[in-house]
Amino acid sequence: MKPYMASFLALLFVLIAGSAVFIMLEITGRTEDHGNKSGWITLHRILGYLYISLFAVMLVFMISKVAGLQEELSARTIFHIVMSLVLVPLILSKILIVRRHPALTSRLPIIGLTILALSFALTGITAGYYLLHKKDLTYTTLSAHDNDVLDLELGKAIMNRKCSKCHSLERVYRAFKSEKGWTGTINKMATMDTPNISTFDIKQVLHYLTTQQKNRQAHTGTNPFKLIGKSLVTRKCTVCHTLDRVFGARKTLSEWTATVNRMIATMDDESFLSKGEKTEIITYLSNKKKKK
Ligand code: HEC
Ligand code: HEC
């Protein structure tokens, strides 16, 4: 669930609880008679059911989210979970009293107010926290301020742990990207896996991957983008014919674009070349000098 969606539900949640309690107080708390009592009671009951349904939905989301967390739970999260769980017996005892123990009806307002207070506090630490930290959830990039905290070993450890959850690490190591490219990819991965990959993690992994790639380039002594293009051509364009076919040809940019498009059509497999890979290959091939 997206954070703003969760915040919206949380606000709705506390609004429903507040209205239900307010109606109940209006009915039971006044000394003078109120006229249309049964109408208000019906409304109170409807709000009660709405509240319980919403609570059930949020509980399921919370549990599935906690189950997917790789981090140790933060104090805020534990507090949140405990408060949500405390709501369960409170709501159940309220229903029980209403249904089966009319003699205890006078206790209901206290239980209702407790439920409202807990809902309010819960909303405070979800919606409130989200609003306060909204800016942290935006696109993370590396800046000069980060140099003090960046650490290659740490970056590697974080990457090994967090980037192998959904696919192999080979998938990560195999990719060649500029810093901008990595920034985009890692932010995308972090969004897919919120809140597992924090802003701190993104920076560390970004730093590690770009440094590691630079070292590799320095080692091989080749222009990084030539290397990317070459490695892509070697891997992708040898599926159906040899490289002689590719390197024997001399073409302009638009001719290479046409050829590569034709090869993609021949391959007829969506995952064969991404848009970025296609651009790398075409750029590499059209800048390459022909062998004498
Ligand atoms: C929640 C699951 C998940 C996590 C965690 C995850 N990835 Fe991915 N990753 C995917 C999926 C799904 C794809 C394929 C979809 C795509 O290409 O956009 C993918 C594709 C990739 C690719 C190839 C596509 C590209 O854009 O080059 C790279 C590289 C990558 N991930 C790197 C990482 C890194 C680095 C991390 C750790 C910061 C990471 N992933 C964590 C799900 C995940
Ligand atoms: C699915 C199989 C397949 C893949 C993958 C493939 N090719 Fe081809 N390629 C062919 C076939 C078949 C021909 C001969 C027919 C033709 O020219 O369309 C060919 C011919 C060529 C030619 C000679 C014809 C011309 O237009 O000059 C070049 C150059 C070429 N391929 C480049 C590439 C490059 C670059 C890639 C990687 C992006 C690639 N091929 C990937 C099947 C493939």
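Is methionine 263 buried, partly exposed or exposed? Methionine 263 is partly exposed, with a relative accessible area of 32%; the scale calls a residue buried under 20% relative accessible area, exposed over 50% and partly exposed in between (1.4 Å probe, protein chains only). Here are some notes to read beside the structure.

1. **What you are looking at.** This is a predicted model, in which local features need pLDDT of at least 70 and side-chain atom pairs count only at pLDDT 80 or more, while totals for chains, interfaces and linings use all residues. Residues are numbered from 1 along each chain as its sequence is written, chains are lettered from A and ligands numbered from 1 in the order in which they are written, and side-chain values use heavy atoms, with hydrogens and water left out.

2. **The overall plan.** The chain has 12 helices and zero strands. Helices (H or I, at least four residues) and strands (E, at least two) are DSSP runs, numbered from the N terminus. Of the 292 residues of the chain, 31% count as buried. Take the contacts (heavy atoms within 4.5 Å) in the chain with a separation of 6 or more: residues 24 or more positions apart account for 73% of them.

3. **The largest core.** A nonpolar core is a set of buried Ala, Val, Leu, Ile, Met, Phe, Trp, Tyr and Cys residues joined through side-chain atoms within 4.5 Å. The largest one here has 25 residues, and those with the most contacts inside it are Phe13, Tyr51, Phe55, Leu87, Ile91 and Ile115. Two or more residues come from each of α1 (3–29), α2 (37–67), α3 (75–100) and α4 (108–132). With seven residues, α1 gives the most to this core.

4. **Tyrosine 51 and its neighbours.** Which residues does tyrosine 51 touch, not counting residues up to four places away in sequence? They are Phe13, Ile16, Ala17, Leu87, Ile91, Ile115 and Ser119. Elsewhere, a second, separate core of 15 residues includes Leu232, Phe272, Ile282 and Tyr284.

5. **Aromatic pairs.** Rings of Phe, Tyr and Trp (its six-membered ring) pair if their centres lie within 6.5 Å; planes under 30 degrees apart count as stacked, over 60 as edge-to-face and the rest as tilted. A search of the whole structure finds three such pairs. One of them is phenylalanine 13 with tyrosine 51, a stacked pair at 4.6 Å centre to centre with 15 degrees between the planes. This pair links helix α1, which holds phenylalanine 13, to helix α2, which holds tyrosine 51, 38 residues apart. Tyrosine 51 counts as buried because its relative accessibility is 6%.

6. Phe13, Tyr51 and Phe55 form one aromatic cluster.

7. **The iron of ligand 1.** Donors are N, O and S atoms within 2.8 Å of the metal (3.2 Å for Na, K and Ca); water is not among the atoms, so sites may look incomplete. His167 (NE2) and Met189 (SD) coordinate the iron atom of ligand 1 at 2.0 to 2.2 Å. Why is the arrangement called octahedral? The six donor atoms around this iron subtend angles of 84 to 180 degrees, which makes it so. Four donors count as tetrahedral if all angles lie between 85 and 135 degrees; four count as square planar and six as octahedral if opposite donors are over 155 degrees apart and all others between 65 and 115; anything else is irregular.

8. **The iron of ligand 2.** Here the iron atom is coordinated by His241 (NE2) and Met263 (SD), at 2.0 to 2.2 Å. Its six donor atoms subtend angles of 83 to 179 degrees, so this arrangement is octahedral. Histidine 241 is in the loop between α9 (224–236) and α10 (243–247), and methionine 263, our opening residue, is in helix α11 (residues 253–267), 22 residues apart. Histidine 241 counts as partly exposed, at 24% relative accessibility.

9. Most residues other than glycine have a negative phi. Aspartate 268 has a positive phi of about 55 degrees although it is not a glycine. Aspartate 268 lies in the loop between α11 and α12 (275–287), and counts as exposed because its relative accessible area is 68%.
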